[in-house]
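Biologist: I have the sequence and the model open side by side, and I would like to go through some local features with you. Could you take me through them?

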Amino acid sequence: RKQLENPGDMNTYLQLIRHYGSRAKYGDAIGVLGLMQRHNRTPSRAIFAALLREVSTAGNYDLLRQVLRVMTWHGHDHTTGTVNSLINTAIQAQDLEVAVGLFNEMRATDAHCRPNRETFTLMVKAFIQNDKPDKALTVVEVMENRYNLTFTRKSLGALSGLKLDGNSFQRLNRSASKFVHDLHRRRPRFTQIPKRLTVADMVCASIAAQSASIAAGSKAATPHRY
(Lines give C-alpha, C1' and ligand atoms only; values in the text may rest on other atoms or scores of the structure.)
Protein backbone atom coordinates (compact mmCIF):
# COMPACT_ATOMS: atom_id res chain seq x y z
CA ARG A 1 0.00 0.00 0.00
CA LYS A 2 2.86 2.36 0.75
CA GLN A 3 4.14 1.81 -2.77
CA LEU A 4 0.84 2.90 -4.32
CA GLU A 5 1.49 6.64 -4.14
CA ASN A 6 -0.45 7.54 -7.27
CA PRO A 7 -4.13 6.78 -7.91
CA GLY A 8 -4.82 3.51 -9.69
CA ASP A 9 -7.80 1.97 -11.43
CA MET A 10 -10.37 -0.19 -9.64
CA ASN A 11 -8.56 -3.38 -10.58
CA THR A 12 -5.44 -2.13 -8.79
CA TYR A 13 -7.37 -1.65 -5.54
CA LEU A 14 -9.10 -5.01 -5.97
CA GLN A 15 -5.74 -6.74 -6.32
CA LEU A 16 -4.49 -4.96 -3.21
CA ILE A 17 -7.52 -6.12 -1.20
CA ARG A 18 -7.02 -9.71 -2.35
CA HIS A 19 -3.31 -9.47 -1.58
CA TYR A 20 -3.97 -8.51 2.05
CA GLY A 21 -6.85 -10.99 2.36
CA SER A 22 -4.67 -13.89 1.19
CA ARG A 23 -2.24 -13.01 4.00
CA ALA A 24 -4.99 -12.63 6.62
CA LYS A 25 -4.19 -8.91 6.95
CA TYR A 26 -7.84 -7.92 7.09
CA GLY A 27 -7.25 -4.55 8.75
CA ASP A 28 -4.91 -3.60 5.91
CA ALA A 29 -7.53 -4.80 3.40
CA ILE A 30 -10.06 -2.42 4.93
CA GLY A 31 -7.38 0.28 4.92
CA VAL A 32 -7.55 0.23 1.12
CA LEU A 33 -10.80 2.22 1.50
CA GLY A 34 -8.84 5.00 3.19
CA LEU A 35 -6.25 4.85 0.44
CA MET A 36 -8.98 5.24 -2.16
CA GLN A 37 -10.36 8.24 -0.30
CA ARG A 38 -6.95 9.91 -0.36
CA HIS A 39 -6.80 9.22 -4.09
CA ASN A 40 -10.28 10.70 -4.57
CA ARG A 41 -11.59 7.34 -5.77
CA THR A 42 -15.14 6.20 -4.92
CA PRO A 43 -15.33 2.49 -3.95
CA SER A 44 -17.46 0.48 -6.35
CA ARG A 45 -19.76 -2.45 -5.53
CA ALA A 46 -16.98 -4.76 -6.70
CA ILE A 47 -14.61 -3.23 -4.13
CA PHE A 48 -17.08 -3.80 -1.31
CA ALA A 49 -17.88 -7.30 -2.54
CA ALA A 50 -14.18 -8.18 -2.49
CA LEU A 51 -13.74 -6.71 0.99
CA LEU A 52 -16.75 -8.59 2.33
CA ARG A 53 -15.47 -11.87 0.89
CA GLU A 54 -12.04 -11.41 2.44
CA VAL A 55 -13.19 -10.10 5.82
CA SER A 56 -15.92 -12.73 6.23
CA THR A 57 -13.27 -15.46 6.40
CA ALA A 58 -11.92 -13.87 9.57
CA GLY A 59 -15.14 -14.49 11.51
CA ASN A 60 -14.79 -10.98 12.97
CA TYR A 61 -18.07 -9.07 13.29
CA ASP A 62 -16.34 -5.77 14.13
CA LEU A 63 -14.35 -5.75 10.89
CA LEU A 64 -17.44 -6.66 8.92
CA ARG A 65 -19.44 -3.83 10.52
CA GLN A 66 -16.76 -1.36 9.48
CA VAL A 67 -17.12 -2.41 5.86
CA LEU A 68 -20.92 -2.35 6.03
CA ARG A 69 -20.94 1.15 7.55
CA VAL A 70 -18.75 2.53 4.76
CA MET A 71 -20.78 0.64 2.17
CA THR A 72 -24.02 2.19 3.45
CA TRP A 73 -22.42 5.64 3.61
CA HIS A 74 -21.59 5.34 -0.10
CA GLY A 75 -25.21 4.48 -0.87
CA HIS A 76 -24.82 0.78 -1.64
CA ASP A 77 -27.74 -1.36 -0.45
CA HIS A 78 -27.26 -4.79 1.05
CA THR A 79 -27.41 -7.55 -1.54
CA THR A 80 -27.49 -11.34 -1.54
CA GLY A 81 -23.69 -11.24 -1.61
CA THR A 82 -23.64 -8.97 1.45
CA VAL A 83 -25.82 -11.30 3.49
CA ASN A 84 -23.85 -14.32 2.29
CA SER A 85 -20.75 -12.65 3.72
CA LEU A 86 -22.58 -12.12 7.01
CA ILE A 87 -23.62 -15.78 7.07
CA ASN A 88 -20.06 -16.88 6.31
CA THR A 89 -18.73 -14.66 9.09
CA ALA A 90 -21.17 -16.24 11.55
CA ILE A 91 -20.12 -19.73 10.42
CA GLN A 92 -16.42 -18.89 10.79
CA ALA A 93 -17.18 -17.55 14.26
CA GLN A 94 -19.01 -20.85 15.02
CA ASP A 95 -22.22 -18.93 15.61
CA LEU A 96 -24.75 -21.23 13.95
CA GLU A 97 -27.74 -19.47 15.54
CA VAL A 98 -26.86 -16.18 13.85
CA ALA A 99 -26.23 -17.92 10.51
CA VAL A 100 -29.61 -19.64 10.66
CA GLY A 101 -31.32 -16.39 11.62
CA LEU A 102 -29.81 -14.56 8.64
CA PHE A 103 -30.76 -17.44 6.33
CA ASN A 104 -34.36 -17.43 7.54
CA GLU A 105 -34.54 -13.65 7.18
CA MET A 106 -33.38 -13.95 3.57
CA ARG A 107 -36.07 -16.51 2.86
CA ALA A 108 -38.72 -14.28 4.41
CA THR A 109 -37.75 -11.28 2.28
CA ASP A 110 -36.30 -12.98 -0.78
CA ALA A 111 -37.97 -10.55 -3.19
CA HIS A 112 -35.35 -8.05 -1.99
CA CYS A 113 -32.45 -10.34 -1.13
CA ARG A 114 -33.00 -13.81 -2.57
CA PRO A 115 -30.86 -16.78 -1.39
CA ASN A 116 -28.65 -18.18 -4.14
CA ARG A 117 -26.55 -21.32 -4.60
CA GLU A 118 -23.75 -19.93 -2.42
CA THR A 119 -26.24 -19.23 0.40
CA PHE A 120 -27.51 -22.80 0.43
CA THR A 121 -24.03 -24.31 0.14
CA LEU A 122 -22.88 -22.23 3.12
CA MET A 123 -25.82 -23.48 5.19
CA VAL A 124 -25.29 -27.12 4.20
CA LYS A 125 -21.65 -26.78 5.19
CA ALA A 126 -22.58 -25.10 8.49
CA PHE A 127 -24.97 -27.88 9.50
CA ILE A 128 -22.47 -30.60 8.59
CA GLN A 129 -19.78 -28.84 10.62
CA ASN A 130 -22.18 -28.77 13.57
CA ASP A 131 -23.03 -32.49 13.22
CA LYS A 132 -26.56 -31.84 11.94
CA PRO A 133 -26.64 -33.74 8.61
CA ASP A 134 -30.44 -34.10 8.71
CA LYS A 135 -30.82 -30.32 8.71
CA ALA A 136 -28.28 -30.09 5.89
CA LEU A 137 -30.57 -32.36 3.86
CA THR A 138 -33.53 -30.11 4.71
CA VAL A 139 -31.59 -27.16 3.27
CA VAL A 140 -31.05 -29.13 0.05
CA GLU A 141 -34.78 -29.87 -0.14
CA VAL A 142 -35.63 -26.18 0.28
CA MET A 143 -32.99 -25.28 -2.29
CA GLU A 144 -34.40 -27.64 -4.90
CA ASN A 145 -38.15 -27.65 -4.21
CA ARG A 146 -38.70 -23.95 -3.51
CA TYR A 147 -35.87 -22.22 -5.38
CA ASN A 148 -35.42 -24.57 -8.36
CA LEU A 149 -31.68 -24.93 -7.72
CA THR A 150 -29.99 -28.32 -7.97
CA PHE A 151 -27.39 -29.51 -5.47
CA THR A 152 -24.59 -30.34 -7.92
CA ARG A 153 -21.07 -31.64 -8.20
CA LYS A 154 -19.84 -28.07 -7.70
CA SER A 155 -21.79 -27.86 -4.44
CA LEU A 156 -20.21 -31.09 -3.25
CA GLY A 157 -16.79 -29.75 -4.18
CA ALA A 158 -17.36 -26.75 -1.91
CA LEU A 159 -17.81 -29.13 1.01
CA SER A 160 -14.20 -30.28 0.62
CA GLY A 161 -13.27 -27.09 2.50
CA LEU A 162 -14.63 -28.52 5.74
CA LYS A 163 -12.14 -28.24 8.59
CA LEU A 164 -11.39 -31.89 9.33
CA ASP A 165 -8.57 -31.57 11.82
CA GLY A 166 -7.67 -32.61 15.35
CA ASN A 167 -10.29 -34.15 17.60
CA SER A 168 -13.13 -32.97 15.36
CA PHE A 169 -12.05 -35.15 12.42
CA GLN A 170 -14.14 -38.22 13.23
CA ARG A 171 -17.28 -36.25 14.11
CA LEU A 172 -17.12 -34.10 10.99
CA ASN A 173 -16.25 -37.01 8.76
CA ARG A 174 -19.18 -39.00 10.18
CA SER A 175 -21.54 -36.07 9.68
CA ALA A 176 -20.39 -35.50 6.08
CA SER A 177 -20.64 -39.22 5.32
CA LYS A 178 -24.17 -39.48 6.70
CA PHE A 179 -25.25 -36.45 4.69
CA VAL A 180 -23.97 -37.88 1.40
CA HIS A 181 -25.21 -41.39 2.21
CA ASP A 182 -28.73 -40.06 2.78
CA LEU A 183 -28.46 -37.94 -0.35
CA HIS A 184 -27.35 -41.08 -2.21
CA ARG A 185 -30.51 -42.88 -1.09
CA ARG A 186 -32.66 -40.12 -2.57
CA ARG A 187 -30.69 -39.62 -5.78
CA PRO A 188 -30.04 -42.08 -8.64
CA ARG A 189 -27.18 -39.83 -9.76
CA PHE A 190 -25.17 -40.66 -6.65
CA THR A 191 -25.38 -44.47 -6.96
CA GLN A 192 -21.63 -44.68 -7.60
CA ILE A 193 -20.79 -43.08 -4.25
CA PRO A 194 -19.66 -45.68 -1.66
CA LYS A 195 -21.44 -45.93 1.67
CA ARG A 196 -18.34 -45.13 3.72
CA LEU A 197 -16.87 -41.78 2.72
CA THR A 198 -14.22 -39.27 3.44
CA VAL A 199 -14.85 -35.79 2.09
CA ALA A 200 -12.18 -36.36 -0.58
CA ASP A 201 -13.92 -39.61 -1.62
CA MET A 202 -17.20 -37.73 -1.81
CA VAL A 203 -15.85 -35.16 -4.26
CA CYS A 204 -14.08 -37.68 -6.51
CA ALA A 205 -17.05 -40.05 -6.65
CA SER A 206 -19.38 -37.15 -7.39
CA ILE A 207 -17.27 -36.12 -10.39
CA ALA A 208 -17.41 -39.66 -11.80
CA ALA A 209 -21.16 -39.94 -11.20
CA GLN A 210 -21.82 -36.55 -12.75
CA SER A 211 -19.82 -37.40 -15.88
CA ALA A 212 -21.73 -40.64 -16.33
CA SER A 213 -25.03 -38.83 -15.87
CA ILE A 214 -24.15 -36.15 -18.43
CA ALA A 215 -23.15 -38.80 -20.97
CA ALA A 216 -26.42 -40.67 -20.46
CA GLY A 217 -28.46 -37.47 -20.50
CA SER A 218 -27.09 -36.40 -23.85
CA LYS A 219 -28.97 -39.33 -25.44
CA ALA A 220 -32.29 -38.33 -23.94
CA ALA A 221 -34.77 -36.00 -25.65
CA THR A 222 -35.56 -34.10 -22.47
CA PRO A 223 -33.50 -33.34 -19.35
CA HIS A 224 -34.00 -35.60 -16.35
CA ARG A 225 -35.22 -34.16 -13.07
CA TYR A 226 -35.23 -36.06 -9.82
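Biologist: Where is the place of D131?
Modeller: This is a predicted model, in which local features need pLDDT of at least 70 and side-chain atom pairs count only at pLDDT 80 or more, while totals for chains, interfaces and linings use all residues. Residues are numbered from 1 along each chain as its sequence is written, and side-chain values use heavy atoms, with hydrogens and water left out. Helices are DSSP runs of H or I with at least four residues, numbered from the N terminus. On that basis, D131 lies in the loop between α7 (117-129) and α8 (133-145).

Biologist: Is D131 buried, partly exposed or exposed?
Modeller: Buried means under 20% relative accessible area, exposed means over 50%, and partly exposed is in between, using a 1.4 Å probe and protein chains only. With a relative accessibility of 31%, D131 therefore counts as partly exposed.

Biologist: What is the phi of D131 near?
Modeller: Most residues other than glycine have a negative phi. D131 is a residue other than glycine with a positive value, and its phi is near 60 degrees.

Biologist: Which residues is R171 in contact with, leaving aside its neighbours within four places in sequence?
Modeller: R171 is placed in helix α10 (residues 169-186), and its C-alpha atom is separated by 9.0 Å from that of N130, 41 residues apart along the chain. Contact means heavy atoms within 4.5 Å. Leaving aside those sequence neighbours, R171 is in contact with Q129, N130 and D131.

Biologist: Are α3 and α5 roughly parallel or roughly antiparallel to each other?
Modeller: Helix α3 (residues 45-56) and helix α5 (residues 80-92) pack with their axes 8 Å apart, at an angle of about 10 degrees. Axes are lines fitted to C-alpha atoms over the stretch in contact, and angles run from 0 to 180 degrees between N-to-C directions. Angles under 35 degrees count as roughly parallel and those over 145 as roughly antiparallel, so α3 and α5 are roughly parallel.

Biologist: Which residues in α5 do L52, R53 and S56 meet?
Modeller: These three residues belong to α3. Their partners in α5 are T82, S85, N88, T89 and Q92.

Biologist: Which helix gives the most to the lining of the second largest pocket?
Modeller: α3, α5 and α7 each supply at least two residues of that lining. With six residues, the one that gives the most is α3.

Methods:
Parallel < 35°, antiparallel > 145°, perpendicular 65-115°, else oblique.
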